[in-house]
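Please view the sequence and the model below before reading on.

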Amino acid sequence: MDVTSQNFIPLSELALDDDNLQEALKQLSGRLAAGRTASVTELPEFDQLRIEARDIKNHVLEHLDLYLGAFEQQVEKHGGTVHWASSEEDARQIVLNLCRSVNAKRVTKSKSMVTEEINLVPFLESHGLETVETDLGEYIIQLRGEKPSHIVVPAVHLSKEQVSETFFEHHRKFGFNEKNTDRGALVAEARHVLREKFVAADVGISGANFLVAETGTIVLVTNEGNAELTTALPNTHIVVTGIEKIVPTLEDVSTFVRILARSALGADISAYTSFITGPKRDGDLDGPENFHVVLVDNGRSEMLGGDFQDMLRCIRCSACLNHCPVYLSVGGHAYGSVYSGPMGAVLTPQLATLDATKHLANASSLCGRCESVCPVMIPLPQLLRQWRDKESEQKLNPAGMRWGLRLWAWLGQQPAVYRLITSIANQVLNRWPEQANGFIQKLPALAGAWTLSRDLRRPEQGTFSQQYRKAGGKRV
Amino acid sequence: MGVLQPNTIALFVTCLVENMKPAVAFDAIALLEDAGYAVVVPANQVCCGQPNLNGGDRKNAIATARRVIDAFIHFDYVVVPSGSCGGMLKHHYPQLLAEDSDYSGKSARLAEKVFELSQFLTEVADYKPSAVNCEPVTYHDACAGLRELDIQSEPRQLLANAGVEITELEETESCCGFGGTFCVKYPDISAAMAERKVQDVLRTGADTLVMGDLGCMLNIEGKLHRDGHSVRVIHFAELLAASIPAPARGES
């Protein structure tokens with residue numbers, strides 16, 4: 001997966017200075033986090049459902065081969081075809097070949113993070129297929145040539161005014177010569193433009209929130225209705241999704257449906273929850289003639305049985321983004337990956353390289369709020385720490401930090417030396433020249449990063465050990 | 001070891017209290033003694049190893065954990081005036097040493113004896129602090145204590161019993177941006193987080209911010225002071241011990 005995570009620091013600085021973005025993030029944190037709390041509180045069994053959801057996913061991951069095989073059999077039984085893509089290149093090529101096999105010219109696509117992960121739309125367009133995003137947020141960022149900044153609300157970084165500008169620029173050719181600024185009018189404008197695309201499309205591409213092994217059903221959880229038009233109107237429906245989306249039964253889907261929208265948007269349930277099983281059957285009034293499911297591995301099977309298997313439970317609800325103080329400070333684009341926030345910081349190094357993404361695991365205060373809201377109980381802080389361990393093992397983090405930590409640990413084994421050094425540091429800080437009112441205002445080296453935006457309380461005169469000894473305290 | 005009185009508490013001082021604000025340890029001792037316990041301070045304690053655990057240096061975090069366990073396992077109770085270091089001893093040590101045949105059992109035994117100060121005072125000591133005279137305060141829940149040790153009601157209960165009124169923050173579950181080395185590795189993001197916390201504190205109108213972890217204290221206090229705000233920032237131990245006779249200190 002292509003990433004720009006190497007530029008995390010400059011991108012985050014840009015983000016911190018972007019007033020539009022900061023306002024958008026403020027709205028997001030208020031709306032979604034407060035909404036989640038309210039809707040979760042209304043459901044006394046929510047924590048029990050989290051445990052059930054975690055256990056279902058763990059069970060599936062232990063028997064993934066079995067359930068994938070069962071799913072494939074069921075899809076074929078209902079007249080569909082399953083395609084296996086081990087890499088993102090494979091996945092793109094399979095989708096392109098499927099489009100060519102039906103002489104497709106026009107493609108519509110509903111929201112899918114896996115298609116973002118494999119960069120599908122630019123690939124299809126470069127091969128001459130007009131490919132239109134039909135989720136409103138995705139449509140907006142497609143017009144702007146941007147990547148999603150959030151896994152559920154991809155255009156959350158944009159203000160209404162920015163969307164208005166974008167539509168004004170791109171919709172004149174459809175006869176919209178006035179600049180709309182009203183939210184409802186903007187939605188109506190997009191709906192009008194997209195309606196033509198839905199009707200004309202030869203192929204509709206969707207993702208899937210769940211794949212049901214028992215029935216070969218794909219489940220789509222959406223709010224706009226665009227996925228239904230994308231999957232039902234064209235003659236060919238291609239589902240592109242990850243191999244970890246399997247659940248054993250329809251009954252299991254109900255467990256996830258109860259926690260997904262609550263975790264994501266603070267809603268009891270999404271507007272649409274569509275169950276699609278195979279192509280159009282005899283007697284069906286609508287639906288596609290051809291139904292394909294492209295199951296993408298792209299590094300996922302490597303996570304099975306390894307240190308990051310827990311991450312495969314992720315249902316892409318975005319609760320961890322919506323509650324992450326780092327995501328809420330810098331937004332999604334700073335992460336340089338289509339997956340952002342805590343889940344993105346854990347998943348992206350697996351899909352790209354650790355060297356290119358080494359900032360992501362470090363840019364976290366490990367406050368743990370992500371884990372506390374995760375509906376499938378992924379220990380995200382622990383997984384971030386594991387990436388940090390790997391960075392040390394591969395010497396990807398600064399040598400100064402590795403040696404500093406080693407020195408610190410060595411001091412931890414030598415209390416006498418530790419106390420000597422800290423008592424000297426105590427004297428130095430107490431006599432520090434740049435201080436006022438008991439606070440130090442400027443420090444050198446790494447500590448200078450602290451005093452960029454904060455003062456440091458001058459330590460008390462004498463360490464605890466020194467004071468305690470003087471006081472004749474009991475030592476054992 | 002010598003002969004210890006029954007119910008002896010070993011105080012795990014923590015690096016930041018040791019080096020920045022020893023008053024917190026003296027006040028913790030005063031509160032624990034006031035609650036009827038004998039308190040000792042093992043001399044060979046240093047750091048809990050959290051910087052190593054969070055810095056990708058698991059090997060040394062494990063070595064440090066073993067050392068702390070050896071130094072503290074023989075006491076009846078280990079009390080820590082920090083949810084962060086307390087969480088390290090109680091929550092992370094058993095995970096770090098789960099595969100260690102010598103120490104997995106010991107780490108679990110130690111975990112049972114480890115208490116963060118407010119949890120010890122409420123759950124074990126059933127301590128009723130003396131009344132404290134002050135204007136309403138606001139309270140910041142430090143993340144590690146909140147999520148690893150579930151410290152939420154305990155400090156509030158102690159403050160309420162001392163007659164201290166709390167005007168709550170709007171965002172009681174948001175990180176202040178300290179995060180150990182995070183604050184110097186990503187200073188701009190950390191400062192943005194601290195700024196949000198400072199604004200939340202100011203909105204309460206309280207002139208005192210109380211909390212239980214020195215890392216967050218230094219961070220929020222440093223930001224408040226840099227931006228010219230005069231809100232007093234103190235550890236709950238300092239506030240609660242104010243009304244009991246101070247133990248002798250060597251402070252000059």
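Chain A is divided into domain 1 (5-158 + 202-301) and domain 2 (415-470), with bounds that come from an automatic or database domain assignment. The model is predicted: local features need pLDDT of at least 70, side-chain atom pairs count only at pLDDT 80 or more, and totals for chains, interfaces and linings use all residues. Residues are numbered from 1 along each chain as its sequence is written, while chains are lettered from A and ligands numbered from 1 in the order in which they are written.

Chain B is likewise divided into domain 1 (8-124) and domain 2 (138-241).

| Domain pair | Separation of centres |
|---|---|
| Domain 1 and domain 2 of chain A | 53 Å |
| Domain 1 and domain 2 of chain B | 22 Å |

Within chain B, 29 residues from domain 1 and 23 residues from domain 2 take part in the contact, where two residues are in contact if their C-beta atoms, placed from the backbone, lie within 7 Å.

The contact of chain A with chain B takes 61 residues from chain A and 63 residues from chain B.

Chain A as a whole has 23 helices and 13 strands; helices (H or I, at least four residues) and strands (E, at least two) are DSSP runs, numbered from the N terminus. Its C-alpha atoms fill a box of roughly 90 × 55 × 45 Å along the principal axes. Among contacts in chain A between residues at least 6 apart in sequence, 74% join residues at least 24 apart.
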